[in-house]
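Open the model in your viewer and follow the stops below in order. Each stop says what to select and what is there.

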Amino acid sequence: MSTETRTSLALVPTADAPQSAKDFKTDQEVRWCPGCGDYAVLAAVQGFMPELGLARENIVFISGIGCSSRFPYYMNTYGMHSIHGRAPTIATGLSATRRDLSVWVVTGDGDALSIGGNHLIHALRRNVNLKILLFNNRIYGLTKGQYSPTSETGKITKSTPMGSLDTPFNPVSLAVGAEASFVARTVDSDRKHLTSVLRAAAAHHGSALVEIYQNCNIFNDGAFEALKDKKQAQEAVIRLEHGEPVRFGAPAEDVDGLGHKAVVRDPASGTLRVADVTEEGPGVLDRVVIHDAHADDPTTAFALSRLADPQTLHHTPIGVLRDVSRPVYEERMAEQLEAAVERQGKGDLGALLAGRDTWTVAG
């Protein structure tokens with residue numbers, strides 16, 4: 001294995017001069033529908049990239065198929081528009097062989113969770129050093145409005161005229177269940193929050209999945225209105241901050257000035273639920289959950305991911321649900337390869353491919 005391949009990300013070439021968002025914009029016409037949430041995500045990513053301080057040739061964006069998968073065309077870095085659902089697999093190969101690169105995957109709810117479901121969960125469980133941005137608009141946009149794996153039950157679309165019968169995937173629950181070491185959720189229209197989550201994902205060493213609620217104003221407009229309307233969002237959105245009590249809602253001045261609602265642990269069942277701290281008495285404050293994104297046990301992170309009502313989206317947690325450290329796949333693979341060379345010497349690829357039962361047939 002070459003020295004270049006074994007280089008850690010901390011030692012990759014950095015940008016020669018300060019960069020700006022303009023440096024990461026290409027000359028390609030951005031071709032999404034006017035008003036699409038993808039524009040906001042693209043602007044946030046381009047604005048954030050200079051913070052990495054990396055040379056653009058050391059950053060790669062790989063996508064699958066879907067509206068979001070046009071992303072690599074608009075990033076002035078290396079990139080690849082790959083095939084349906086396979087972006088995590090291609091990215092795994094690249095990250096494993098070129099550890100000097102910062103590898104990002106851009107995918108959608110259909111691309112990642114339907115044909116790509118298997119590839120996604122295995123990349124996460126292996127803890128490949130990838131940053132996976134999953135744009136979730138709860139619909140198939142590129143193919144013109146069919147229901148997707150995250151569409152709510154009863155969703156009427158071109159492919160479900162009488163309403164979807166499927167139970168939707170919860171992407172962050174799926175990621176936690178797949179042993180992802182970093183799991184977060186954010187919203188396309190909240191630039192400040194989106195950037196903070198991207199910053200945390202980039203700093204994480206290992207697989208990082210960021211679900212981004214993204215509006216499709218043509219085929220599923222207003223799907224996340226409950227989380228974007230200021231009045232509704234105050235009661236619907238649970239903002240997670242590591243080390244802070246999980247409180248939300250309008251300020252409860254008669255208690256302590258924090259939100260009047262809280263996530264508490266039920267003393268009988270041990271499960272999490274939402275409580276009104278102004279109605280349940282003084283003892284409820286002692287049961288408010290303190291968010292620990294770095295807890296090794298994923299139980300609480302999974303429980304938080306299940307709070308959201310899949311139909312109304314009320315009590316939707318956003319922020320970093322889980323951020324833990326565990327061995328990274330590429331590093332362990334490199335260690336095995338080095339150990340094998342030390343024990344057995346450099347291998348002969350041609351001999352391995354030929355094997356012992358090989359015949360040469362005369363032409």
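A pocket, on a 1 Å grid over the protein atoms alone, is an open set of points where a 1.4 Å probe fits, with protein on both sides within 12 Å along at least five of seven lines; lining residues have an atom within 4 Å of a point. Its volume is the space filled by probe spheres set on the points, which are joined across faces, edges and corners.

This is a predicted model: local features need pLDDT of at least 70, side-chain atom pairs count only at pLDDT 80 or more, and totals for chains, interfaces and linings use all residues. Residues are numbered from 1 along each chain as its sequence is written, and side-chain values use heavy atoms, without hydrogens and water.

The largest pocket has a volume of about 370 Å³. Select Asp 190, Ala 233, Val 237, Arg 239 and Ile 318, the closest to its centre of the 18 lining residues.

Next, select Phe 61 and Phe 71. Rings pair if their centres lie within 6.5 Å; planes under 30 degrees apart count as stacked, over 60 as edge-to-face and the rest as tilted (for Trp, the six-membered ring is used). Here the centres are 5.8 Å apart and the planes at 35 degrees, so the pair is tilted. Both Phe 61 and Phe 71 are buried (under 20% relative accessible area, 1.4 Å probe, protein chains only).

Move to Tyr 213 and Phe 224. Their ring centres lie 4.3 Å apart with planes at 20 degrees, so this pair is stacked. Tyr 213 and Phe 224 are both buried.

Last, select Thr 92, which is buried at a relative accessible area of 13%.

Methods:
Buried < 20%, exposed > 50% of the residue type's maximum accessible area, 1.4 Å probe, protein only.
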